[in-house]
Amino acid sequence: MTTPLVATTGNITIAFAGNPNVGKTALINAMSGSKLKVGNWPGVTVEKKEAKMQHAGMQLKLIDLPGTYSLSPFTIEEQVCRDYLLVDKPALVVNVIEASNLEKSLYLTQQLMEMEIPMIIALNMWDEFESRGYRFDIDAFSQALNVPVTTTVGPTGKGTKELKELIIERAADTSLPTAFLYPGPIEQEVTKLMAEIDGKNFAKGAPLRWLALKLLEHDPYSLKKIEEIHNLDVSHYGTEHRQRLSEIYPNLDKALAQHRQQQITRLARQVVTAPEQPKADLTDLTDRILLNEWTGLPAFLGILFVVFKLTFDISTPFVDWIDGLVNGFLARWAGLGLEALSLPPLVVSLVKDGIIGGVGLVLTFVPTLMCLYLFLALLEESGYMARAAFIMDRFMYRFGLHGKAFVPLLVGFGCNVPGVYATRALESDTDRRITAAVMSFMSCGAKLPIYALFTAAFFERSQAWVIMSLYLTGIIVAITWAIILRKTRFKSDIPAFVMELPPYRFPTFKMLWASIWLKTRAFIKQAGTVIAVSMILLWSLVNLPYGAAPKDTVLGMSSRAVAPAFLPQGFGQHWEAVAAILPGFMAKEMVVGTLGVVMSVQQDNEPKADANFTEELKEQAVGFKDSAVTAGAAVIGSILPTPFQIESEKADSPLMAGVRKTFTPLSAFAFMVFNLLLISCVSVVGAMTQEFGGRYLGFVFLITTGTAYVASTLVYQIGRLLGFS
Amino acid sequence: MLADTSLLNQTIGLGEPKTIDCFPAGAEVEIHAVSGDRQLCKRMESMGLRPGKQVKILKNRGRGILLKTENTRLALRLSPAFVLEAVYPRP
């Protein structure tokens, strides 16, 4: 069977398939100039993504399939990949292979060749292969498989021109790859089975040889899929063939695997020539330190500390600058402009405090996230992230968590939403659910402004220690819940674990920027929209009826009604504290903003008598330069032992004074613990529903809210018993 | 493309398949059998751990093993549901 390559429209759909971490996404980015997310740890591309480009008068649609090791749909990635090839049927498959791992890669290649789709092989990371002193007989390889082969270097774009040309050439050619043949008796049964199923409804449109092999193997996933689509049980097909073969091959699975391996080894030996003196491998040398029994863990903790410290040290000056620019400069002048138009005070306040305030809040979050995304991208793309998972598996295993769960949880410290999506890298559904359930206990970046305000108000001298204790509290609670869930709701053994550790690579600026920009844009679009809308909603809650005192507004009245429920935590006697919790559910960074509003903190943002727009605009530009200098100095200063000096310059702000009046140090700590353990925000709720359904979300919501309430009560009550106030 | 370790293997005794955690770090062995949970076996096979494949044991922490095959490093955590047997390659 052949597939027509080019539709009459001149469009070609090309699927890029290959093992995880072979550089498919980078290759597509280099070809099309798009910014698809790339990473150097397996499982970054969990959904297929596409890029479009024009070449030689044709429209090329490049589909970036998730990285897979096979087409047996055990993981979500494999399922996405296989279903796409079977159902959507691209015109062409570009199998991206890492030449240094030919034998491993050929396992997937064999299966792709059975899909009966014209194919091109791109030997990617060719520079790495050559630098190791190996040689590759490309012609022999291409002839053996009847597939055109080219060499590429994804990150630099080398070879992409030739690949594009090959794609266009292939568009006029419908020849299929040579099938990998099995030993005679197996081939005979496959042929018989193909004849048996040919023309059957369930086999229409499917690659016949592939389907016959799946039936012969009694592949449960293929049988289930056919049953789902055609409402037909086909499990009896292949039974008698298997029985006949059992006389020669008592274990057919093993025989097939052995034969595949033999063919792969034979081909690899035929085309690859190893150097006489293999060069020392930089990855092995680095791993001797970073995965060493004694130095591995300290190195990991050190890297983690530097990442988080630099994130905050670099971003804080920019956060302050954006805050001043939007909430000071822009809000003030917009307010003045609107007043000049004689608009009602209600409208002026809505625009100034609701809309500009909301947008400002979103923007102040951007520098911290960008810094965090930069460091996470560095860890991912350098290859260290997978090592961290290996190191952590020793510990996480004891708590019922998978080593791979470490990565999503680490991402969760930045923002729980990508953390929830990152659980897709875990193969078992149970592991995914447990990891996602404890995700909310990972203190996300949006909770930091709460800690910054309260620690500056009450624990100025031990700010870093208090913040660290909060992060630790979250981790301890997460571990406790992981153990409980593994022993109760998800009672099962922790499965065996297998993960590829990619070679260390220097990340390119292009790859880093693509990663940062994609995530930041997603934040501004998704979380940003929610926050901005929530901020307007919040404005309505705190300002309506317009002109009323804060305690008589909608939010004030409802908070006063609910406040007694928070007496055991020590802050129930002040409705202002309770009022900040509900908006915090919309977005945690709104807690501080709400406290500011309900405590009637007047910001000094009225124009000075001699205010001059141009002068102030210049001041903002100078402010940006100063922020950059401060951030630069902070990078150097980071080596000094002064961790997490956050916002201490705001110690005398009116908000700080308001907070000091409302809370005691103990109730402030209880308030922070409550916010720490509460489900982060509506965006997390959305992500959880999408991934695990509403019922599981309800369960997670219950355990997080319950834990937050109980833990903060315990903190306050035990604290009082110990004599704290 | 692993180095020939047949002489070393001869001197320390070979031939009997053993579970992979029985081999010390630094040993270069050949996968003999992948058995246990079918799904896991297929997964291991797809990641390169197939009978006949030569691997080098980089780290052996009992339950946690780090292997190298070709230019791929694979981190494994063994479980009773999955058995990976290996043997020193024949000279």
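Colleague: What separates the centres of domain 1 of chain A and domain 3 of chain A?

Modeller: In this predicted model the two centres, taken over C-alpha atoms, lie 39 Å apart, with the bounds coming from an automatic or database domain assignment. Local features need pLDDT of at least 70, side-chain atom pairs count only at pLDDT 80 or more, and totals for chains, interfaces and linings use all residues. Side-chain values use heavy atoms, without hydrogens and water.

Colleague: Why is the pair B:Lys68 and A:Asp281 called a salt bridge?

Modeller: A salt bridge is a side-chain nitrogen of Lys or Arg within 4 Å of a carboxyl oxygen of Asp or Glu; the closest N and O atoms of B:Lys68 and A:Asp281 are 3.5 Å apart, so the pair meets that rule. The count between chain A and chain B is 8 salt bridges.

Colleague: What makes A:Asp281 a cap of α12(A)?

Modeller: A side-chain oxygen of A:Asp281 lies 2.8 Å from the backbone nitrogen of A:Thr283, at the N-terminal end of the helix.

Colleague: How do you know that the buried residues of α12(A) line one face?

Modeller: The residues that count as buried (under 20% relative accessible area, 1.4 Å probe, protein chains only) are A:Thr283, A:Asp284, A:Asp287 and A:Leu290. Seen down the helix axis they fall within an arc of 130°, so they line one face, whereas A:Leu282, A:Arg288 and A:Ile289 on the other side are exposed, that is, over 50%. What covers the buried residues includes α13 and α15 of chain A together with β3, β4 and β5 of chain B, where contact means heavy atoms within 4.5 Å.

Definitions and conventions:
Residues numbered from 1 in each chain as written. Chains lettered and ligands numbered in written order. Helix = DSSP H or I, 4+ residues; strand = E, 2+ residues; numbered from the N terminus. Arc of directions from axis to C-beta. Polar contact = N/O pair within 3.5 Å; in protein donor to acceptor, adjacent residues only side chain to side chain.
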